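The following note sets out several points for a colleague who is examining this structure. Please read the points alongside the sequence and the coordinates.

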Amino acid sequence: MLLNRASWVGVVVALALVACVGRAAAPDTATASATFIAGTLSLQGKLRLTSMGVACPREAPSGAIECRARTGSGSIPGLGGVSETYLWSYGAGSPTCPASLVKPLATTGRLVVAGKGEINFALAQGARCVDVDPVRNDPQDFTIIGGTGNYQGASGSGNVQPAVSGGVGFERWTGTIVVPGLEFDVTPPTLSGATPKTVRAPRGAKRVRVTYEVTASDNADAQVPVTCTPRSGGRFPIGRTIVSCSATDSSANTGSTSFRITVRKTK
């Protein structure tokens, strides 16, 4: 049964996709060759996490000693903005462990992809018996058991490796999600206009204001915002400065590029 108690706060998990991030093929653009992946998305990412102690509800697994609502926030390349919730617990003693050892118990939860649907998952019972203190960081296998919206009929599997201390931390998720008939957008935006630029500083000036324009287009979202550092219109020092730019589409794919701005003294 999926967890739906109002007292449990949603966990947002940032799963990262193994996908190519567009890099500049020439000094002024960043390109990517992939377009869509049909049916299968490869997941490999770090998830921000908050783990809050709660009273174990009736729906908790039999034998649960301690329960925690795990929550977080993030985005998943190939999916977009995602939130997720599940109740984590551990149990001790026979028949699965010696009396002094414990393991994480099986549970279920859901990923909510903003504007697209939900992905339901199940975490398997921990595979080993451990001491109480490190049990919060013991890995668990996951299985995707369906979904709604764009993710109806979803399946897949993988592993979750948490790293939690003091109720906060992250999880590393590795595995796959399969949705027949769905084309996952894994193409980062293409950046244009990142052209090397040379300007002349006024006599005696140590810095000069420099403007430039970098834009990004995307196969699914058309135009997307670009962030550059240092920003256009800032004051650049005498010499060479590397400007780094990136753009992220609605499926959380990020393209990036860089270019050089050179400021020369006036003799």
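1. Arginine 128 counts as partly exposed, because its relative accessibility is 48%. Here buried means under 20% relative accessible area, exposed means over 50%, and partly exposed lies in between (1.4 Å probe, protein chains only). The side chain of arginine 128 meets that of aspartate 138 in a salt bridge (2.6 Å, N to O). Since arginine 128 and aspartate 138 both lie in the loop between β9 (117-123) and β10 (140-147), the pair ties together parts that are ten residues apart in sequence. Aspartate 138 is buried, with a relative accessible area of 3%. A salt bridge is a side-chain nitrogen of Lys or Arg within 4 Å of a carboxyl oxygen of Asp or Glu; strands (E, at least two residues) are DSSP runs, numbered from the N terminus.

2. The model is predicted: local features need pLDDT of at least 70 and side-chain atom pairs count only at pLDDT 80 or more, whereas totals for chains, interfaces and linings use all residues. Residues are numbered from 1 along each chain as its sequence is written, and side-chain values use heavy atoms, with hydrogens and water left out.

3. The structure holds five salt bridges. One of them joins the side chains of aspartate 133 and arginine 136 (3.1 Å, N to O). Aspartate 133 is exposed, at 53% relative accessibility, while arginine 136 is partly exposed, with a relative accessible area of 28%. Another salt bridge joins glutamate 118 and arginine 110 through their side chains (3.0 Å, N to O); arginine 110 is partly exposed at 30% relative accessibility.

4. Which residues gather in a patch of positive charge on the surface? They are Arg200, Arg240, Arg260, Arg264 and Lys267. Patches are made of residues with over 30% relative accessible area and no salt bridge, and like charges are joined within 9 Å; the place of a charge is taken as NZ of Lys or CZ of Arg. Arginine 264 belongs to strand β21 (residues 254-264) and is partly exposed, with a relative accessible area of 43%.

5. Isoleucine 177, in strand β12 (residues 168-185), counts as buried at 1% relative accessibility. Leaving aside neighbours within four places in sequence, the contacts (heavy atoms within 4.5 Å) of isoleucine 177 include Thr40, Leu41, Ile119, Ile144 and Phe184. Isoleucine 177 and threonine 40 are 137 residues apart in sequence, yet 5.7 Å apart in space, C-alpha to C-alpha.

Technical notes: Patches are made of residues with over 30% relative accessible area and no salt bridge: like charges are joined within 9 Å, nonpolar side chains (Val, Leu, Ile, Met, Phe, Trp, Tyr) within 5 Å. Accessible areas come from the Shrake-Rupley method with a 1.4 Å probe; for residues, only the protein chains shown count as cover. Lys and Arg count as positive and Asp and Glu as negative; His and the chain ends are not counted. Helices (H or I, at least four residues) and strands (E, at least two) are DSSP runs, numbered from the N terminus.
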